[in-house]
Amino acid sequence: MKKTLTAIYWKLIFQSIIVGALVGAVVGAFRWGLEYVTNCWQKVFSNAHENAVWFVVIVIGFILISVISGLLVKRHPHVGGSGIPEVKLELAGKLSLNWWPTLWRKFIGGILTIGSGLFLGPEGPSLQMGAMVGKGVAQGFKQSKTNARVLLASGGASGLAAAFGAPLAGSMFILEAVFRDFAPRVWMTALAGAISANFVVSNMFGQHEALPLHYGHMLPLNLYWHLVILGLLIGLLGHLYKVGLFSIKKIYAKITFLPSWLYSLIPLAILIPIAYYMPAITGSGSRLIMALNKMIGPLGWTVVGMLGIYYLIRLVFSIVSYDSGVPSGVFLPVLTLGAVIGATYGAFMAQLGLLPERYIINLIIFSLAGAFASVIHAPFTAILLIAEMVGSIFQLMPLAVVAFIALLVDDFMGGHPIYDQLANLMEKSGDYHEERTGRQDQITLPVYEDSKLVGKKIAEIKWPENTLVRMIRRNSEDLIPVGKTIIQAGDMLVIEVDEGERGKIYNAMKKLQGVELDG
């Protein structure tokens with residue numbers, strides 16, 4: 001038994017390395033295309049300052065972007081948005097996409113829309129494209145449904161790792177926020193794929209941090225009270241971001257003068273004056289983050305006000321951009337909002353004489369983690385992601401403090417992980433027909449401390465129809481359960497189900513446990 005399991009693990013790891021290498025090449029090309037298109041549009045807007053005729057090029061170009069990306073989404077609706085909710089539903093057995101049509105449409109649509117300068121991020125499309133590569137490789141190797149999901153998860157981790165040069169964060173995000181399966185074969189393959197993808201991308205673009213915000217002064221303990229205020233502020237504003245995102249979706253749904261596949265004309269029209277007058281704040285936000293510390297320069301209330309205006313524009317327009325339904329992501333826009341909050345707060349406190357100016361860069365970096373944690377509810381990923389993107393593990397404690405407080409504030413206000421909300425919304429509005437296929441599949445579910453299953457015997461539990469508890473993973477052992485086996489907190493239940501009923505049984509198990517498996 002041990003030898004067979006070891007052989008399966010090694011086979012999956014080898015295949016995940018192949019997945020990672022392919023994902024690295026795909027996302028590397030995606031990043032190159034984004035950079036090229038972004039630079040082209042920057043030159044066009046720069047030329048418009050010299051000659052107004054270039055506005056004709058801008059208008060025609062933006063209309064073409066809207067039409068092309070809209071048609072791509074119209075034919076395949078799941079190409080729109082970040083793609084991470086789709087990956088979550090795929091891993092839960094509630095959705096199945098054709099990998100190749102999704103992959104190439106996301107690639108082209110993402111380059112066109114994100115490269116235009118809209119306040120959108122590349123990470124969601126990168127993760128979904130990576131997952132689709134994983135799915136394609138799994139089909140090529142004729143893997144079982146269970147192992148295919150493992151490779152799909154590995155591809156998702158690889159996509160995020162390639163997008164940000166963050167293999168540890170890419171792996172952790174899949175485990176913490178998307179798949180929520182910490183089984184060895186999942187985390188081992190996810191990490192192997194992420195490392196492979198990052199190796200390929202590093203050879204394409206060189207080894208450098210995504211956000212090289214270097215800070216050499218350690219925030220002293222007597223200034224830690226700033227972290228508490230900052231965490232509270234970021235948690236509140238992060239909650240506001242999610243409320244706004246789902247509110248604007250409802251407004252878009254009421255628009256009748258445009259078909260839904262052309263909603264992107266609205267943010268693209270708004271983008272024209274923003275890109276003309278304030279080009280530094282356009283795009284996903286990485287340029288703005290890198291420029292924040294330099295903007296502060298000679299401090300003054302004018303700078304504080306300017307940063308506040310930047311935040312409001314980024315907040316509103318990033319929501320308007322994303323809710324138009326184009327292929328895009330929210331990671332970097334959310335991180336940018338966090339960075340601007342940190343810069344604004346730091347500049348404000350420095351102006352009052354309550355914070356030395358040299359520590360503003362610290363607050364900017366800590367705020368990145370806080371914004372990510374409050375919106376996405378993945379604090380461990382937040383800490384790892386910022387450490388890898390900045391290229392430093394200097395002062396992890398303040399990162400954790402701000403992330404933890406921001407998460408608590410959003411949770412206290414009734415907030416949920418944004419990708420869970422988007423997936424639930426998609427699941428309710430989608431047309432998912434689950435029927436028995438006669439093909440075997442399995443679900444691996446954790447048993448939490450407060451689960452209603454803890455302390456009960458297998459025979460005492462009314463399991464969902466057509467299910468079989470095939471195995472219990474306890475510590476480092478795999479147990480074959482019998483009727484008298486008592487379930488313990490920390491167990492991993494391996495449940496055999498029909499392939500077509502996986503999503504339905506997953507939901508039934510959530511109710512049976514009495515706890516939220518989705519976080």
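Mentor: This is a predicted model. Start with a pair that is out of the solvent: Lys135 and Glu90 are both buried. Their side chains form a salt bridge, with 3.1 Å between the closest N and O atoms. Lys135 belongs to helix 5 (residues 123–140) and Glu90 to helix 3, so this pair ties together parts that are 45 residues apart in sequence.

Now go to another pair. Asp323 makes a salt bridge with Lys249, and here the closest N and O atoms are 3.7 Å apart. Asp323 lies in helix 12 (residues 301–323) and Lys249 in helix 9 (residues 225–253), so parts 74 residues apart in sequence are tied together. Check the exposure of each partner. Asp323 has a relative accessible area of 5%, so it is buried, because the cut-off is under 20%. Lys249 is at 25% relative accessibility, so it counts as partly exposed.

Back to helix 3. Lys88 meets Asp420 in a salt bridge, at 2.8 Å from N to O. Lys88 lies in helix 3 (residues 84–91) and Asp420 in helix 17 (residues 418–429), so the pair ties together parts that are 332 residues apart in sequence. Both Lys88 and Asp420 are buried.

Why can such pairs form? Side chains of opposite charge can pair when their charged atoms come close. How many salt bridges are there? The count comes to six, and the pairs above are among them.

Technical notes: Residues numbered from 1 in each chain as written. Predicted model: local features only at pLDDT ≥ 70, side-chain atom pairs only at ≥ 80, totals over all residues. Heavy atoms only, no water. Salt bridge = Lys/Arg side-chain N within 4 Å of Asp/Glu carboxyl O. Helix = DSSP H or I, 4+ residues; strand = E, 2+ residues; numbered from the N terminus. Buried < 20%, exposed > 50% of the residue type's maximum accessible area, 1.4 Å probe, protein only.
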